[in-house]
Amino acid sequence: MEELGKGIIEPEKQMKQDESGIRRVAAIVIEKVYPEINGGTFAAKCIAGDKFFVWADIFKDGHNIIRGSLRYRRKKSTAWKETPMRLLENDRWEGFFIPKENVRYLYTIEAWIDPLRSWIQDAKKKCLANLKLEDADLLEGLKWVKALEPKVKKRDKESLKKYFQQMELSQGAPEEILRIVEEPVFQKLVESYPVKQETTRYHRTLELIVDRKRAEFSAWYEFFPRSQGKRKQVSSTFKQCIQRLPDIKKMGFNVIYLPPIHPIGTTNRKGPNNTLTADKRSPGSPWAIGSFEGGHKSVHPDLGAIEDFENFVQAANDYGIEVAIDFAIQCSPDHPYVKQHPDWFYHLPDGSMRYAENPPKKYEDIYPIDFHCKDEIALWKELRSIILFWIEKGVKIFRVDNPHTKPLPFWEWLIDNVQTKFPEVLFLSEAFTRPKVMRYLAKAGFTQSYTYFTWRNSKWELQTYLEELTQSEMKEYFRPNFWANTPDILPRILQVGGKPAFKMRYVLAATLASNCGIYSGYEFCENVPLRENSEEYLNSEKYEIKVRDWNAPGNIKDFIARVNRIRSQNPALHHFKNIRFCHSHNDNILCYAKKTEDNSNIIVVVVNLDPFRVHEDTVSLPIWDFGLEHWQTYQVRDLLTGEKYYWKGSSNYVRLDPRNEPAHIFELRK
């Protein structure tokens, strides 16, 4: 055993086998640490300034009192800090720290036997039974109190000396020992300067990605920069895009996402509605990146120069809006890479290059990249240089196109490499794919992820999906971004539900999740599909320039602005993991609550999921969690309409007509 708590049992020494074949383990067991993503292979995530909680099972044989602490430091630092953990129940311990900086941190757990507390525990049992402490018992206690001497600060030395002398003079008298060990000042000394014996450290050091607030709370607006003008078939410019900023700001969005802004190839250029018959006026798909005018580090000349893009980014920032751009790793046949690095692409047996396919869809205007080519190191570095190039131009957010079709190790390397130098950079994964792949991409480092929300419509589907995201380990690394539509996805509910459906789905996206987004045209309830049973838009903006009247009658811009203003003004809606579903009988009425930790802001959302009919129900709220008793009357104010209601108890009546407003967003006031 250690003497007076000196030394730490290092992980490699915690388990060993001697010549007898007996397996020796550390005196203290630390296991089932949470969060520990894939056995520590991947980092957990949190937001700078928020509490980061860690749990673990910590125990040992016998009756000694053990203590635990959560140790943490910045990854680039060498100095550890520690904060005490507390015993919850059944050997489960909890601790937290508040990472204040937008960098990567490391954390682990340390536990030890506290011999002084153990002695106090045993001494109190004897004293309460009115048994005098034997000389040996008293000497042991004096030994451990003496062990505090080199630890205590100058201001506490006199107090320690006083208690040591009192214990010496007590001669083990029960009433005197009880008086000493129960004095608040003595207890504070024991708490502040723990004596450590057989200290054991968890065998893994775990990583934490600490992001800035925008990673958790954002409202995205996607628009094609070439479609912001007033002339048909004529591309608008970044200068004209600046003119759209006041309108987007007024609607309450804080991120503008631009599809690819680069030169577009002409070979196999797609025409309207993804046809192969493009004429000279067809602008082509922005995702067919690259021409003789440049590649991924250029802007389309019709949009302006690089300097015009930088001016647009600065103008958006002046409005409190960040600009996100698309990182699509693919090339048109005319991209400079095709001639400069033909080995970076897939070749068919006849020597021709293979275009992209996602049967039944064909993308004859796009060549995918071969990540495992012979020159893969140069390829990976060049792709990283694209990100770094746009960071220099003021971009801090990247929406990544189809990351699930690229090697997963590439994303681990790229994101870690970029965020090591630029921790403020965020990556959104556009991966509508298999659940395990989506989860792995988030573990690999993606800050946010697209989700299946777009196709979740029923009460059961929404509640089950949200519970998976917020009540499983996913909540420690997977940050969902709920998009109500995209240029690729016009959901069936929007095609048939009209304006009530558009309003209802935006309320859901904006209040279920703390990150949400829409593609422009949503505010005008554009909902004509390419054909029946298709999620593609008719006359898709991906293949042509749109001209819109940005104040067209029948729009829901004011409604979107109200919802976004409510989100902004209510801290409970700035978080995702705090959602709690409330019981309702009607399958078309979804009710859920979000609140701040101190109950200073409590939001209750009630949504009619049926865009065609009036529905009513009785909803049951967990008022005890809100600090209310069943007999209390409280006010709920609908932040969408301003109407006030007075409720009492947990169960109260609601009625929603989708032709008026499809939802209540209540602020609960005691």
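Is helix H12 (residues 435-444) mostly covered or mostly uncovered? Let's start there today, with a quick word first on what we are looking at. This is a predicted model, where local features need pLDDT of at least 70, side-chain atom pairs count only at pLDDT 80 or more, and totals for chains, interfaces and linings use all residues. Residues are numbered from 1 along each chain as its sequence is written, and side-chain values use heavy atoms, with hydrogens and water left out.

Back to H12. Helices (H or I, at least four residues) and strands (E, at least two) are DSSP runs, numbered from the N terminus. H12 is mostly covered, with seven of its ten residues buried. Buried means under 20% relative accessible area, exposed means over 50%, and partly exposed is in between, using a 1.4 Å probe and protein chains only. The buried residues of H12 are Val437, Met438, Arg439, Leu441, Ala442, Lys443 and Ala444. And what covers them? The cover includes strand E5 (44-47), H11, strand E22 (426-430), strand E23 (448-449) and helix H13 (459-471). After H12 comes glycine 445, with a positive phi near 135°.

Two packed helices are described by the angle between their axes and the distance between the axes. Helix H10 (residues 376-392) and helix H11 (residues 408-421) have axes that come within 11 Å and cross at roughly 40°. Here the axes are lines fitted to C-alpha atoms, for helices over the stretch in contact, and angles run from 0 to 180 degrees between N-to-C directions. H10 and H11 are therefore oblique to each other; under 35 degrees would count as roughly parallel, over 145 as roughly antiparallel, 65 to 115 as roughly perpendicular, and the rest is oblique. Which residues of H10 and H11 meet? On the H10 side they are Trp380, Lys381, Leu383, Arg384, Ile387 and Ile391, and on the H11 side Pro409, Phe410, Trp413, Leu414, Asn417 and Val418, where contact means heavy atoms within 4.5 Å. By class, that contact of H10 with H11 has nine nonpolar, one polar and two charged residues. For these classes, Ala, Val, Leu, Ile, Met, Phe, Trp, Tyr, Cys and Pro count as nonpolar, Asp, Glu, Lys and Arg as charged, and the others, Gly among them, as polar.

Next, the cysteines. How many disulfides does a search of the whole structure find? It finds zero, a disulfide being a pair of cysteine sulfur atoms within 2.5 Å. Cysteine 331 is in no disulfide, and the nearest cysteine sulfur, that of cysteine 373, is 12 Å away. For cysteine 591, also in no disulfide, the nearest is the sulfur of cysteine 582, 4.1 Å away. Cysteine 331 counts as buried because its relative accessibility is 1%.

Most residues other than glycine have a negative phi, and most peptide bonds are trans. Glutamine 233, though, has a positive phi near 60°. Glutamine 233 sits in the loop between strand E14 (218-222) and helix H7 (238-251), and is partly exposed at 48% relative accessible area. Asparagine 533 has a positive phi too, about 65°, and at 72% relative accessibility counts as exposed. As for peptide bonds, the one from tyrosine 34 to proline 35 is cis, with omega near 0°. Proline 35 lies in the loop between strand E4 (28-34) and E5.
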